[in-house]
Every structure is written in structure tokens, then in C-alpha cells.
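Please keep the sequence and the model in view while reading.

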Amino acid sequence: MISPRYHREIPQRYRLEAGKCKQCGNISFPPRLVCPKCKSKSFETVQLGREGKILTFTIIRVGPDKFSKETPYVVAIIELNDGVRLTAQVSDCDVDKVAIGDKVKLVFRKIQDEGKSGLHCYGYKAVLT
Amino acid sequence: MIGIVGYGSYLPRYRIKVDLIAKQWGADTEAIKRGLMLYEKTVPGTDEDTITISVEAAKYALQRARIDPQKIGAVYIGSESHPYAVKPSATILIDALGIGPHVHVASYEFACKAGTEAMYVAYSLVKAGEMEYALGIGADTSQGAPGDALEYSASAGGSAFIMGKENVVAEILFTNSYTSDTPDFWRREHEFYPRHAGRFTGEPAYFKHIHNAGKNLLEKSGLSPKDFQFAVFHMPNGKFPQEAGKKLGFTKEQMEVGWISPWMGNTYSGSSPTGLSAILDVAKPGDKIFMVSFGSGAGSDGFIYKVTNEIDKVRDLAPKLRDMLDNDKIYLDYGEYAKFRKKIILNE
Ligand SMILES: [Zn+2]
């Protein structure tokens, strides 16, 4: 049962809300309590842009139980245009044609189901642009 | 002036050709293409559903409307494939798009016309002065039982319309609804696939309701078919809307732009609204659009729109429907399609 955690992470998973340090401007995603750069504890909430590029990626050919029927699929580290890096699945793609440097945008997709009767969990995935 | 201030549509990239479905069940491909006028249909990705489609369509509508999402006072999603039996789809959409929490939200259901219901109520709330903006969406990831005639058409996609009073791109001039107890198509609780009454879905259901809603809408408005540049009707296949339009006095040319079902399939609640979206992508200021939806059960909602000068400012702010329909397609074979649509029985 992961529902409470899923609910807590909605601002990040749905809206890409990040913490921008009021002292040095560093953006933390997900938000942190202390700025890793200047140790400041004061942040403002900013919404990340949805466009970026693939920094690196891997093709999952043997997935964990829950995703074993979805293979092969691509998981990438993406650098958004505002410099923030995050990990996301790359959806709707031919896995053998994905390349480092490919431009992507983040879209709203279903990430997983909590079994047959649990919640549908949504969040961001990348698609090639 | 009250009407649409922003519109947006979303179609999944996956497609299956009707030839492959026909081959699977030993049906006559050419007869189906000729009889139903269907060539291919959209298929949702395994991570797409009515909610994700609605979010993408509404995001594009917001891009075109250029408004603060916080000003939206109501969000209604019409669908026959809401992912939850109990939990409104729009609760998830508003959190994804930064709407609310001071917002009224509901899920609508009325087979294929739930989308125009959402649009009608959104429009009415703005007209009543209850709120500045309201968002109405029609989206579906519909299923037809394997081998059933519906399997050739049931597809996925949706469209979103923000209603408001300022910077209106298409004014709503008149509306009219026509409803009766007509058991042409239904799905009981806990059933996976819908049931339908075969040929009974045509004349006494689809044609009767579209015709009566359309005829009354024309009378109410004092307009005649020749006053319109565009017309769009619910598209359960390629053939029905052409016949229904012709009977009301509309020409093939007037219906051409909104007639997207041969390549999209039947997106149910997102059918005529997505046809409207295709029309708005090309319409000129002053053009009039005639639209009638249909939902089994049965009922039709009719709308008359008048396009304004604003259309030229917003058209290019989001992807156009025809581009989504014609480009970047990923074709599936029947096996992949069956897997995508969870038609294959797996071990737990
Ligand atoms: Zn800092």
C-alpha cells in the first residue's frame, strides 16, 4: 500500500513543483529542506518547464514484476531546459532509436496501478519531440 | 458574448488498421471499409486513459485561452471510460493543471454524448454568471468486444473547451437537446464490454435523435443549412454522420473538415467535440458551425457556434488536430493491440 506517499508527492509528480533557494537561486527537485549549495533553509515554490533533452538512458529488458509485461522500455536521465535533472520513463518510442541528446517533453501519464483494485498512480513521463 | 475561449485536443499516437481486425475474425475487409467507411483507429498507450487524455487536451486548451487556471470555476469530464467507478476523473486533472481547489468538479456519463453534456453545463454556468470560466471535456478510451462490429470503431482521444465571456473564439449562439428512453446500447455495472442492439442502433436511435435535435436547433435559430460553413455530427463510424447530415440538408463539403472518424475511429465522448476542434483549427472569423452529438440511451445535444476574430490569435498556440491525426503514428498488429487493450488473460 503506497497511497499516502503517492498523495504526498502529487505536487512533484503532477505539476513538477520544485524548491528554488531564495539565497543562491539553486533549484532542488524534489524540493529539499536545506539547500545543497548554500545551506539556506528558505525556498520558494517554482514550476519546472516541461521541455528538455536526454542526458543518458538505459533500456530495461527484464523489468521488475509490476513492469515485466511492459518490456523493453527506456528509463532516462533528462535535463530540463532550466537545468534540473530528473529520471523518467520515455514512452511511445521505438527503444532502439532513442539516443543521447534527443529532445523530449514531459507529459502526464499513468505510472502504475496498485494491483487490481487499488489506486491508479499518475505522474510524468517523457516523450520524444 | 459567451462561448469557447480556448480549445485543445489530444489523440494517442498508436493506430490499428481495420484490415487487421477484420483478418483476425475472418471478416470481409473491403465490406467493412465500404460499409462503415473506417480505415484505421487510434489506440491508447498502456499508460494512457481518459484522465491522461483529458489532462493533455485541457493543457492545450489552457495554452490557447491564455488564462490563469485558478479562474476556472468548474471542470466536467464526460466519458464512458472513466478509470474509476467511484472517484471523479477531474479531481486528478485539476491537481495536474493547477486548477482549484476552489472549483466545482463532476464526472458525466451518457455513452457518446457525455462530452457535449460537459460543454453544455460549462457554458450554462458562465452564462448564468456563476463563474468567469468553466472547462468541459469529452474523452474516452472505449472498448468493443473482440469480433464485435464496435471493435472496428471504438478508439481513444478527447477534446477540452474552456467557456468564458472575454476573448471568445467561438460564440455559442443556440443550443438544443433531444432525449428519450431508447435502449440501443448499454453496459451493466461490472461488465467489461458494452452490449448493443445491432441494427436498432441506427434508425430509431442515432438518426432519430440527431435529426430531431438538429431540426429543432435550426428552427430555434431561424437559420438554414446554407448559412453554415461547417457541420459536424457524432461519428460512430464514417458512414452515419454523412447520412445524418445529408438528411438535415448539409453538403459533403460542409462536413468534410470535421469528418475525421475514418482515420480516428469513434472516440465516443470525444467524437463530435474533436471534429469541432478540427474545424476551429481552420475556420475563419464569421464562419458558423453546426454541431450535433449523440449518446446511446439516447440523446443528442446541438450547438451553433459563430467564429470570431480571436480565432487567428489562438489557433497556433497548441497542436492542431489534423497534424495529430496524420503524423507520428505508431502502427500495432492485432496481438500488440490485444495486449494494449488488456484483452489477453494473464496470470496474476
Ligand atoms: Zn542556496
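## Two domains in chain A

In this predicted model, chain A is assigned two domains, with domain 1 covering residues 1-48 and domain 2 covering residues 49-129. When the centres of domain 1 of chain A and domain 2 of chain A are taken over C-alpha atoms, they are separated by 20 Å.

## Where the domains of chain A touch

Domain 1 of chain A contributes ten residues to the contact, while domain 2 of chain A contributes 13 residues. On the side of domain 1 of chain A that touches domain 2 of chain A, the elements giving two or more residues are helix 1 (3-8) and helix 2 (10-15) of chain A. Sorted by class, the residues on that side of domain 1 of chain A are eight nonpolar, one polar and one charged.

## A pair of helices in chain B

In chain B, helix 6 (residues 202-221) packs with helix 7 (residues 239-248) at an angle of about 40°, and their axes lie 10 Å apart.

Which residues meet where helix 6 of chain B contacts helix 7 of chain B? From helix 6 of chain B come B:Tyr206, B:Phe207, B:Ile210, B:His211, B:Gly214 and B:Lys215, and these meet B:Phe240, B:Ala244, B:Lys247 and B:Leu248 in helix 7 of chain B. Taken by class, this contact between helix 6 and helix 7 of chain B has six nonpolar, two polar and two charged residues.

Terms used
Residues are numbered from 1 along each chain as its sequence is written. Chains are lettered from A and ligands numbered from 1 in the order in which they are written. This is a predicted model: local features need pLDDT of at least 70, side-chain atom pairs count only at pLDDT 80 or more; totals for chains, interfaces and linings use all residues. Domain bounds come from an automatic or database domain assignment. Two residues are in contact if their C-beta atoms, placed from the backbone, lie within 7 Å. Helices (H or I, at least four residues) and strands (E, at least two) are DSSP runs, numbered from the N terminus. Ala, Val, Leu, Ile, Met, Phe, Trp, Tyr, Cys and Pro count as nonpolar, Asp, Glu, Lys and Arg as charged, and the others, Gly among them, as polar. Axes are lines fitted to C-alpha atoms, for helices over the stretch in contact, and angles run from 0 to 180 degrees between N-to-C directions.
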